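Trainee: I would like a close look at a single part of this protein. Please take me through it step by step.

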Amino acid sequence: MNIAILPGDGIGPEIVSQASRLLDALKADGFKIELEYGSIGGCAVDATGEPYPEVTHQLVSQADAVLLGAVGGPQYDALPRAQRPEKGLLAIRKALNLFANLRPAMLYPELATASSLKPEIVAGLDIMIVRELTGDIYFGEPRGIETRNGQRVGFNTMIYSESEIQRIAHIAFQAALKRNRKLCSVDKMNVLECTQLWRDIIEEVGQEYPDVSLSHMLVDNAAMQLVRDPKQFDVIVTGNMFGDILSDEASMLTGSIGMLPSASLDHNNKGLYEPIHGSAPDIAGKNLANPLATMLSVAMMMRYTFNQEEVAKRIEDAVKKVLAQGLRTRDIASEGTPILGTCEMGDAVLAVL
Ligand code: IPM
Ligand code: MG
């Protein structure tokens with residue numbers, strides 16, 4: 001297992017170092033694991049002037065999987081667009097063709113009170129959002145800000161080709177087959193042609209999956225249904241921008257964005273794994289961040305890239321046990337429970353593992 005590690009900015013280095021302890025433990029257990037480190041985001045801009053330098057591209061191109069912490073920080077906000085840390089993330093997704101973004105949102109029973117929704121609405125919640133990650137308005141051309149008729153206009157292009165929709169559709173239907181066989185595709189076909197095509201293609205691909213029950217929902221309704229009755233969903237498939245928004249919304253149902261991992265995969269299950277939370281510059285370097293989402297990202301890596309379901313389960317079970325023991329970092333603590341630091345939480349998971 002050749003794994004590239006890109007700690008990134010803010011809390012990235014601290015949480016990634018706990019996750020890489022997991023990899024060290026697996027190595028000690030006999031797995032052949034090679035770790036190599038590189039830079040992305042703001043720290044890469046500081047070092048090289050670019051958020052996704054060529055050396056990093058070489059490194060990740062040769063790796064089987066990439067573990068990433070987070071990118072971004074207020075000190076980079078004033079940089080030109082091409083140098084923003086976020087650009088590094090978009091560039092690596094595009095360069096490695098990581099078109100399939102899997103974002104599970106599940107509620108650990110021990111954390112039910114951390115959700116802002118009533119416990120009965122979210123208890124047992126287990127949703128998988130499949131977000132298309134390399135197309136849509138994020139990458140569409142033309143784009144820009146220019147002057148037309150004496151005033152500035154800003155514009156972007158929402159665009160999907162058939163083949164882009166087909167490939168993400170297959171990923172989503174297959175994910176549904178492994179779960180509760182329900183797939184909801186989210187679009188805005190009442191207004192946007194691009195998403196009319198999206199709906200048509202999803203329907204077509206659906207013919208090949210008679211065992212999956214397929215439904216469609218407009219994105220505004222989906223945003224509402226996610227907070228009204230989130231348990232109606234099993235797998236959701238949607239485009240890049242709607243997926244960005246809905247996955248943040250779904251994460252908050254679980255009360256703790258600090259708990260959720262993600263995978264971004266290409267055709268061959270090469271993947272980039274990262275927590276879905278950001279770089280949290282306000283708490284960086286203070287041993288306060290929750291490392292569990294990053295540790296759970298390693299579990300996803302074992303499952304999707306390396307086909308090690310049993311190892312993935314072991315990591316996930318270790319996290320569940322630690323929560324059941326009442327151990328909490330600050331973001332998921334409730335009143336009266338003692339609070340662990342980033343390293344101490346890492347210790348706890350490793351001890352169970
Ligand atoms: C995400 C983030 C990114 C996105 C940003 C940082 C570019 O919000 O991974 O959801 O919009 O895709
Ligand atoms: Mg986002």
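Trainee: Which residues in H8 meet which residues in H9?

Mentor: Keep in mind that this is a predicted model. On the H8 side, the residues are Val-219, Ala-222, Ala-223, Leu-226 and Val-227. On the H9 side, they meet Phe-242, Leu-246, Glu-249 and Leu-253. Now the geometry. Helix H8 covers residues 219-228, and helix H9 covers residues 240-253. Their axes come within 10 Å and cross at roughly 10°. An angle under 35 degrees counts as roughly parallel. That is why H8 is described as roughly parallel to H9. Look next at the kinds of residue in this contact. Eight are nonpolar, one is charged and none is polar. There is a general pattern to remember here. In soluble globular proteins, nonpolar side chains tend to be buried together.

Now place the pair in the whole protein. The protein is divided into domain 1 (1-99 + 266-353) and domain 2 (102-259). The C-alpha centres of these two domains lie 23 Å apart. Their contact takes 22 residues from domain 1 and 22 residues from domain 2.

Next, the cores. The largest nonpolar core has 61 residues. Within it, Met-259 and Met-302 touch the most other members. Helix H10 (residues 292-304) gives the most to this core, with eight residues. Domain 1 and domain 2 both give residues to the core, so it lies between them. A second, separate core has 22 residues. Leu-246 is one of its members, and Leu-117, Ile-129 and Ile-276 are also included.

Go back to Met-302. Set aside its neighbours within four places in sequence. Met-302 is then in contact with Met-1, Leu-23, Leu-26, Asn-307, Gln-308, Val-311, Ala-312 and Ile-315.

Asn-307 on that list deserves a stop. It lies in the loop between H10 and helix H11 (309-324). Its relative accessibility is 67%, so Asn-307 counts as exposed. Asn-307 also has a positive phi of about 60°, although it is not a glycine. Asn-307 and Ala-318 are eleven residues apart in sequence. In space they are 19 Å apart, C-alpha to C-alpha.

Asp-136 has a positive phi too, of about 70°, and is not a glycine either. Asp-136 lies in the loop between E5 and E6. Is it buried or exposed? Asp-136 is buried, with a relative accessible area of 2%. Pro-142 lies in the loop between strand E5 (126-132) and strand E6 (144-148). A cis peptide bond joins Glu-141 and Pro-142, with omega about 0°.

Finish with helix H12, residues 342-352. Its buried residues are Thr-342, Met-345, Gly-346, Ala-348, Val-349 and Leu-350. What covers them includes helix H1 (12-28), H10 and H11. Strand E13 (328-329) and strand E14 (339-340) are also part of that cover.

Notes
Residues numbered from 1 in each chain as written. Chains lettered and ligands numbered in written order. Predicted model: local features only at pLDDT ≥ 70, side-chain atom pairs only at ≥ 80, totals over all residues. Heavy atoms only, no water. Core = buried A, V, L, I, M, F, W, Y, C linked by side-chain atoms within 4.5 Å. Buried < 20%, exposed > 50% of the residue type's maximum accessible area, 1.4 Å probe, protein only. Helix = DSSP H or I, 4+ residues; strand = E, 2+ residues; numbered from the N terminus. Domains from an automatic or database assignment. Contact = heavy atoms within 4.5 Å. Axes fitted to C-alpha atoms, helices over the stretch in contact; angles between N-to-C directions. Parallel < 35°, antiparallel > 145°, perpendicular 65-115°, else oblique. Nonpolar A, V, L, I, M, F, W, Y, C, P; charged D, E, K, R; others polar.
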